[in-house]
Amino acid sequence: MEQKNVQALQDVVIRFSGDSGDGMQLTGTLFSDTAALVGNGISTFPDYPAEIRAPQGTVAGVSGFQVHFGSSRELNPGDYCDVLVAMNPAALKANRKWLKEGATIILDGDSISEESLRKAGFATLDPIAELGIGDYNVVVPDITAMTREALKETGLDNKSVVKCKNMFALGICFWLFDRPEEHAFAYLDGKFAKKNPVVAEANKLAIKAGYNYAANTHQFANNYRVAPAKLEKGTYRTISGNVATAWGLCAAAEKAGLPLFCGSYPITPATVILEELAKRKDLGVKTVQAEDEIAGICTAIGAAFAGNFAVTSTSGPGLSLKSEALGLAVMTELPLVVIDVQRGGPSTGLPTKPEQSDLQQALYGRNGECPLIVLAASSPSDCFHYAFEAGRLAMEHMTPVVLLSDGFIANGSEPWRIPSMADYPAITPPIVEEAPEGGFMPYVRNERLARGWAFPGKKGLEHRVGGLEKDAVKGSISHDPANHQLMTHLRAEKVRMVAEDIPVQSVYGEAEGDLLVVGWGGTRGHLQNAVDQLRAEGRRISLCHFNYINPLPHGVKEIFAKFRKIVVCELNQGQFAGYLRQQLQEFDYLQYNKCEGQPFTIVELKRHFESLMQ
Amino acid sequence: MATYNYTPADFKSDQEVRWCPGCGDHAILNAVQRALPEVADATDTPHNLFTFVSGIGCSSRFIYYMKTFGFHSVHGRANAIATGVKTANPALSVWVATGDGDSLAIGGNHFIHAIRRNIDLNVILFNNEIYGLTKGQYSPTSKLGKITKTSPYGTVEKPFNPGELVIGAKGSFFARSVDMEVMLTKECLVAAARHKGMSVVEVLQNCVIFNDKTHALFAGDKATRAKHTITLRHGEKMLFGEKREKGLVFENMKLKVVTVGEEGYTIDDVLTHDAHTPETTLHTMLAAMKYPDYPVAVGVIRDVEDPVVYDQGVQRQVEEVRAARKITCVDDLLRSGATWKVE
């Protein structure tokens, strides 16, 4: 084996791309997990079509998985890629716009044919020239043929052999970035060894073959070292936003000493939350896969009434269906967490693509004056924290909470320093154990305006709740005008008072300057990177990023007042900006919005911020 | 059998009952309040475990009149909410008060899936074949051609028969009663409570304002009921009539009404009711019998032991997994799978 030049890099973005059946999600995951295990910071972004097997070889059917890994703790999956692995011409074409100038492209040579070029929409027989990437570092190994050759002794049929070509490509990348193969081997053994040891062996052989091919040929000018990130001491794991959300809910249930109940209906991109919770019977979690979205939330409301910590998970279309029942939860003042993993809308929209366009639905999408708490998570790992917070606030304040996530952070993953549950506070809902003198009155409130939570089965606490307006004291049905005014006020005031129970808003960067970037939820990584880069260039720019949306935390006004301009950046048409205009009318808000079903890019953010500071 | 010595008064709330005078709901409330002391003893259920859930409609006001835990929810969702209550705490005795609009129209999906899951709920289905609370529009059980405010020229859609629907959705328990027959309703409710799994008790209820006498042709008074309804009891001959002179026989794949002692039919030819058989054919036929060709079947039509009960299955699975678990707390969970240390 000839030793090549080794070049040190700070960080690298690789995009694995192929047909939606080519196993690109697995390939990307194995690469990112390996990077994390050797100590790199990582951030990942799967970008896949809504169809399980979209038409083969077409641009619409391309499935991608982007990994950003490096020597610092990455905050976003990166805009443009240094390396593109393209399993067919369609994948090359689909990702042309995401290539960095001079990027390395690994294209399966066996995938190039007149037919595949036609399917991918190429006009000529030379895709490289047609895309204008002749000067790039394009390598076209015959991946399929070499995989077939490497696996010829395994006895597997041709179809199964060809399925291993993604592992050959992974092997090439392992060599390019000097990664060990052990983690991937262990994974393949775990997945296949019992059921089908031949398949496990074949996949491992393909990785080795790809690695050796890259090492032995002169196809690649260099290979690269990306030094481990300097991370805080501790035990780490990689975690995706959806799994972190599910686990944060488990944590809240544990800290409240109540069983966790999830009533839900499968919907992209939220389904993994239900799947993860269904596994957690070891922690006593009960899940009901309901007959529809409405039953999902209604079973959860029933479970909340019965004394469980109840949650339901969904995406935008499902939140629409849950609206009426969410109003019931507001009216009956039961604790409930609704997780909305947002996707592109309206209607079915872009099921697999991220957007932040459900904010106003979460805030206002119900009949009547119907206030509730709205939170938003901003990275895969902080989904854990905000799911916990959603549970804490729901149970201690006796109100539904909508937690907004999105397809980007839900499916993305990153390394996470594992917290200790000893560092999390106990959650103390206002549970009523026995009837006070004179009998239990369900709408009598504590100092937080939270009503008492009396579980069915507790002697002497028999009471009735429901969607009709209730007398503020006795809890019986009331149509009294003054009572309705009072109850409307109390429901709003209860949510408003939550501001006393959440952290004061903070600003990232200097406390004053020329431009304040305002964002919320899953865009934090991109916004922070763009702000960091401009600050490094000496610009007076800071970031005010929101996780608590309703109520807004204290301290916002004071932050906003210290900047010449404020720009609110969101993946929608300006929903948070509109909300801020209503909440804090004394400021002018510029907007930067995008609805492409894609995250912001650092490049476009920087360009825009620079123009605002001229 | 436990003895709690409850009386109907123990289940009466202090709320003023606000149904229309003459409404069949009064009689159903009466039957339920009489049944619960017996249910408490028969199923060893103390007062504090009774929980009533309802949707929207006249029937759904029911829960306010019961001195039990109660949840008056939104239209159509009672069965879904009750599913959450029962799954969260299987020890509760969970009852649903619902109507033909609530459970068969807007809540139809929740109704059939609760039945399919065989979750241990006791559903009282008030069937008055009309929307009462919205003042008289046709419902999914209104007879074909029924003239109402939203069908001024008569409906052009066929009604559901709740019994057929329940059995078709894999229901393990179905009973039917008539609002005025308080003792029969009570008998059905006690049987429903004893049954493990989803129990549906349809009560033919008269809406005195918007659909008066809709059931009157066969159920208007005692004498009419004797002639035109048949009370089914497990193990008993299927006889009816003023002098129990008529019976049901099975001929040419059909049920047939005969007079015992005429045309060569003897009592031995008359069917004996088997409510416990899992076979659905005869139960479906019995539930589907319509006036005037047949007597309308009341009593417990189907009461089949089904070991697959949803809330118990969920509970059992949790217990089994917990008994063999490696992850005992969230700290364990967070550290499960691949982790690495940064020193």
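Strand S17 (residues 464-466) of chain A and S2(B) run parallel and are joined by 3 bridges. Within this pairing, Arg464(A) has Gly70(B) of S2(B) as its bridge partner. Strands are taken as paired if DSSP finds at least two bridges between them, and the elements themselves are DSSP runs numbered from the N terminus, with helices (H or I) of at least four residues and strands (E) of at least two. The model is a predicted one, in which local features need pLDDT of at least 70 and side-chain atom pairs count only at pLDDT 80 or more, while totals for chains, interfaces and linings use all residues. Residues are numbered from 1 along each chain as its sequence is written, and chains are lettered from A and ligands numbered from 1 in the order in which they are written.

A second sheet to look at is open and has 3 strands in the order S16(A)-S9(A)-S12(B), with antiparallel pairing. Its edges are strand S16 (413-417) of chain A and S12 of chain B, each of which pairs on one side only. On average, neighbouring strands of this sheet are turned by 40° against each other, direction ignored; axes here are lines fitted to C-alpha atoms, for helices over the stretch in contact, and angles run from 0 to 180 degrees between N-to-C directions. Strand S9 (residues 234-240) of chain A pairs with S16(A) in the antiparallel sense over 5 bridges, and Arg237(A) stands opposite Trp416(A) of S16(A).

Turning to the contact as a whole, chain B contributes 49 residues and chain A 55 residues, where two residues are in contact if their C-beta atoms, placed from the backbone, lie within 7 Å. On the side of chain B that touches chain A, the elements giving two or more residues include strand S2 (69-72), helix H4 (108-117), helix H10 (310-323) and strand S12 (340-342) of chain B. The most, 8 residues, comes from H2(B).

Chain A itself holds 21 helices and 22 strands. Its C-alpha trace spans about 85 × 60 × 45 Å along the principal axes. Of the contacts in chain A with a separation of 6 or more, 76% are between residues 24 or more positions apart.
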